[in-house]
Amino acid sequence: MPRPFRFGVSLIDPAPAGAWRAKCRRAEEIGYDVLLVPDHLGMPAPFPALVAAGAATERPRLGTFVLNAGFWNPALLAREVATTDALTDGRLELGLGTGYVQAEHDRAGLPFGSPRARVDHLRHTVEELGRLLDARVPLLLGGNGERMLRLTAEHADIAAFTGAYLVPGSTEGKLVPTTPAEFDTRFARYRELTADRAEPAELNLLIQMVVVTDDPEAAVRPLVDRVPALTVEQALELPILLVGSRAEVTAKVLALRETYGFSYLTVLEPHMEAFAPVVAELDGT
């Protein structure tokens with residue numbers, strides 16, 4: 001039997017207390033299962049934002065999506081995790097990543113390091129949190145590279161896929177989508193690495209766009225114009241884009257679970273309302 005769906009929303013826009021509580025309650029009302037906060041400069045600070053989200057809601061889980069491990073000392077992070085989990089009655093899920101925006105590290109006066117160094121630091125952070133935390137929280141990890149896939153296969157309760165990669169040389173974190181073939185290759189590699197795992201991880205996919213429309217080609221055209229190697233047909237095949245009629249979007253969500261096993265989908269805050277009818281239709285399935 002497939003895992004039941006879970007739907008998360010990544011809340012990326014800062015807001016005053018009243019507005020923050022209101023949008024968290026709205027997400028709960030729609031039926032989202034997880035309220036998530038990223039870890040970028042200029043966006044909400046993850047842990048206080050999640051404590052406030054927990055105070056405003058009753059049902060949803062609360063997660064970081066994802067923390068930039070390079071911003072954090074493991075011992076100090078363990079304190080934040082333990083306190084946030086306690087203040088939200090055990091609702092915390094911890095998402096961790098290597099960080100990919102060099103400009104943010106520069107502004108914070110923190111070293112960015114090589115890809116290898118960032119993965120090494122993330123591994124150290126994961127291992128230290130396992131040692132320091134009295135109560136373990138569910139751990140989400142994800143990435144495209146070989147070493148990140150291995151780390152995810154070894155440690156993650158939730159394996160996350162973004163379907164995008166950093167533009168070479170970009171210091172501002174510019175991402176472009178992988179092709180459908182590239183996505184399938186990296187996913188297949190993850191499956192190889194977890195073939196002997198006793199308990200499969202929950203599989204998460206970050207959805208970059210949700211557009212309910214009768215003209216899907218027009219909806220993806222601006223993306224195709226920015227990524228010359230991508231055709232309209234390929235864009236509509238991308239797992240990270242949900243574009244089409246409501247019935248087509250719902251069918252694609254079901255196909256993502258059937259084909260890949262993605263039962264936990266995350267949408268970005270600007271698409272929270274557009275995805276609401278699908279959340280309602282597939283709730284509990």
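Predicted model: local features only at pLDDT ≥ 70, side-chain atom pairs only at ≥ 80, totals over all residues.
User: What makes the largest group of nonpolar residues a core?

Analyst: To count, residues must be buried, nonpolar and joined through side-chain atoms within 4.5 Å. The largest such set has 76 residues, and those with the most contacts inside it are Tyr32, Leu96, Phe161, Phe262 and Phe275. Helix 2 (residues 46-56) gives the largest share, five residues. In soluble globular proteins, nonpolar side chains tend to be buried together.

User: What does Phe275 touch?

Analyst: Leaving out residues up to four places away in sequence, Phe275 touches Phe7, Tyr32, Val210, Leu242, Val253, Leu265 and Val267. Contact here means heavy atoms within 4.5 Å.

User: Which residues are in the second core?

Analyst: That separate core has nine residues, including Leu140, Ile158, Leu206 and Tyr264.

User: On to helix 3. How do you know that its length fits its 14 residues?

Analyst: Take 1.5 Å times one less than the number of residues. For helix 3 (residues 74-87) that should come to 20 Å, and the end C-alpha atoms are 20 Å apart, so the two agree.

User: Why do you say the buried residues line one face of helix 3?

Analyst: Buried means under 20% relative accessible area, and Pro74, Leu77, Ala78, Val81, Thr84 and Asp85 are buried in helix 3. Looking down the axis, they fall within an arc of 140°, so they line one face. They pack against helix 2, strand 4 (67-68), strand 5 (92-97) and helix 5 (115-132). Turned away from that buried side are Arg79, Ala86 and Leu87, which are exposed.

User: What makes Asn73 a cap for helix 3?

Analyst: A side-chain oxygen of Asn73 lies 2.9 Å from the backbone nitrogen of Ala75. The cut-off for a polar contact is 3.5 Å, and Asn73 caps the N-terminal end of helix 3. Just after the helix, Asp89 takes a positive phi of about 55°.

User: Now helix 7. What puts its buried residues on the same side?

Analyst: The buried ones are Pro180, Phe183, Phe187 and Tyr190. Their arc around the axis is only 85°, which puts them on the same side of helix 7. Ala181 and Glu192 are exposed on the other side.

User: What covers the buried residues of helix 7?

Analyst: The cover includes helix 6 (146-155), strand 7 (158-161), strand 10 (202-207), helix 9 (232-237) and strand 13 (262-268).

Technical notes. Residues numbered from 1 in each chain as written. Heavy atoms only, no water. Buried < 20%, exposed > 50% of the residue type's maximum accessible area, 1.4 Å probe, protein only. Helix = DSSP H or I, 4+ residues; strand = E, 2+ residues; numbered from the N terminus. Arc of directions from axis to C-beta. Polar contact = N/O pair within 3.5 Å; in protein donor to acceptor, adjacent residues only side chain to side chain.
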